[in-house]
Amino acid sequence: MSNNSDSRGASLRFKVLLVSGLITLIVVMAVFVGSFFAAKNRLLQHANEQVNSFAGSLKDTLELQVTLFQDRNTSNLSIALNQLPGERVMESVNRVEVGEFELPILFVSGVGGIGIKQITASSELVDLLREQLNGQFSIYQIERKEGGERAILVSTSFKNSEDAMLGKVMDSASPIYQTVVKAGNLYQGFLDIDGIPYCVSYGQVKDADGVVILIVSTAVPVEPIMDYISTASFTEGSYAFAVDREGKIIVHPSMEKGTLVSQAMPGFWESLKEAEQFSLNEAGQINFNYGSNSGEGYLASLFEVGALGWRVVLNIPESYILAPVFSDEERNDHIWLTRLDSRINYNGFAIRKISCTFESCSESSQLNRRRRSFRCS
């Protein structure tokens, strides 16, 4: 009876210590996991703040570059218009074929003090302007007939261009035509010409009677802005790219221009659509996380460059952001395993003590029984 009582006591102590060890293990693991996620959240919050700052600076820089391009283009247009005063434009009785049209030849006199220059079906004047001002120039001639009027491209400094071919007719419903010809204002914007984005400006030339006879355009490529975006980097492994409002790549370190983002980066596109449900922050940015096709996670900061109509995205790999966490995790692993090993050793020592006590009690009980048996005999 005494032997059974001693065994039950030892077994109870063993169970108590075993439960204690398990509880200690669970608590240590909970603290470890909690510390990991707390550190991760702090890093992500800090990274978002830093990314907002860098993206804001990048946006300001790009918008400043756009403004400089616009100012340069406006200046080029002003100089070109001064070289083409309406009262010095003369119409010849001779006509020339321009594309599918036959138009009267226009000349301008006194340009740059070098005599008379042909405008219609000649690139002499626009080539001179290009050399002087380091930009592209085009001239549209207004043809009027009973059926109405149209602007026909008769001169351009673009060479071998599919988008700037002589004889091309400007759409009379286009914003350019309506702004320049109908409203009599300057037009400024951005156009793709032969696949290259240009900052463009358009202005009108009137004759001595106040009738619009020419449209002059200037174009400056914005490739330097694209180069700036493609080389922008916030951290190791980060990069930037730009897309248009239709979701097509404008510039990307590894993707071709015109690639649909929804097909090439489905994870990014889906996360963006979800993030767009929320309003932009004060700086006009959206921050969100997404998974790439390779499985790597990224923090993305998107903002718009309004004048260009581009959406620029700054990407930072989460592996870089969380690198300090994983370093701490490795360090904590060592500390945690050391503490766990110490706790296991302690519990093992206690269990061994209980086992020894149990064995000692069993031996004493057996010895007492033999003594009692001997006395009785």
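## Strand E9 and its partners

Ala-242 stands opposite Val-251 in strand E10. This pairing belongs to a predicted model. Two bridges join E9 to E10, and the two strands run antiparallel. They form a hairpin with five residues between them. In the turn, Gly-247 has a positive phi of about 80°.

E9 also pairs with E13. Five bridges join these two strands, again in antiparallel fashion. Here Tyr-239 stands opposite Asn-315 in E13.

## Burial of E9

Five of the five residues of E9 are buried, so the strand is largely enclosed by the rest of the structure. In a regular strand the side chains alternate between the two faces of the sheet. Both faces of E9 are covered. Tyr-239, Phe-241 and Val-243 are buried on one side. Ala-240 and Ala-242 are buried on the other.

## Nonpolar cores

The largest nonpolar core has 26 residues. Leu-62, Ile-225, Ile-229, Trp-310 and Val-312 have the most contacts inside it. Helix H1 (2–82), helix H4 (223–231), E9, E10 (249–251), E12 and E13 each supply at least two of its residues. H1 gives the largest share, six residues.

Which residues does Ile-229 contact, leaving aside its neighbours within four places in sequence? They are Leu-62, Ala-240, Phe-241, Ala-242, Val-251, Trp-310 and Val-312. A second, separate core has 22 residues. Ile-119, Leu-125, Val-126 and Ile-152 are among them.

## Helix H6

H6 spans residues 266–275. Its buried residues are Gly-267, Phe-268, Trp-269, Ser-271, Leu-272 and Ala-275.

## Aromatic cluster

The structure holds 10 aromatic pairs. The rings of Phe-288 and Tyr-290 have their centres 6.4 Å apart and their planes at 45°, so this pair is tilted. The rings of Tyr-290 and Tyr-298 have their centres 5.7 Å apart and their planes at 15°, so this pair is stacked.

Tyr-290 counts as buried at 5%. Tyr-298 is buried too, at 11%. Phe-288, Tyr-290 and Tyr-298 form one aromatic cluster with Tyr-239, Phe-241 and Phe-268. Tyr-239 and Phe-241 lie on one side of E9, while Phe-268 is one of the buried residues of H6.

Definitions and conventions
Residues numbered from 1 in each chain as written. Predicted model: local features only at pLDDT ≥ 70, side-chain atom pairs only at ≥ 80, totals over all residues. Heavy atoms only, no water. Buried < 20%, exposed > 50% of the residue type's maximum accessible area, 1.4 Å probe, protein only. Helix = DSSP H or I, 4+ residues; strand = E, 2+ residues; numbered from the N terminus. Phe/Tyr/Trp six-rings, centres within 6.5 Å; stacked < 30°, edge-to-face > 60°. Core = buried A, V, L, I, M, F, W, Y, C linked by side-chain atoms within 4.5 Å. Contact = heavy atoms within 4.5 Å. Pairing = 2+ DSSP bridges.
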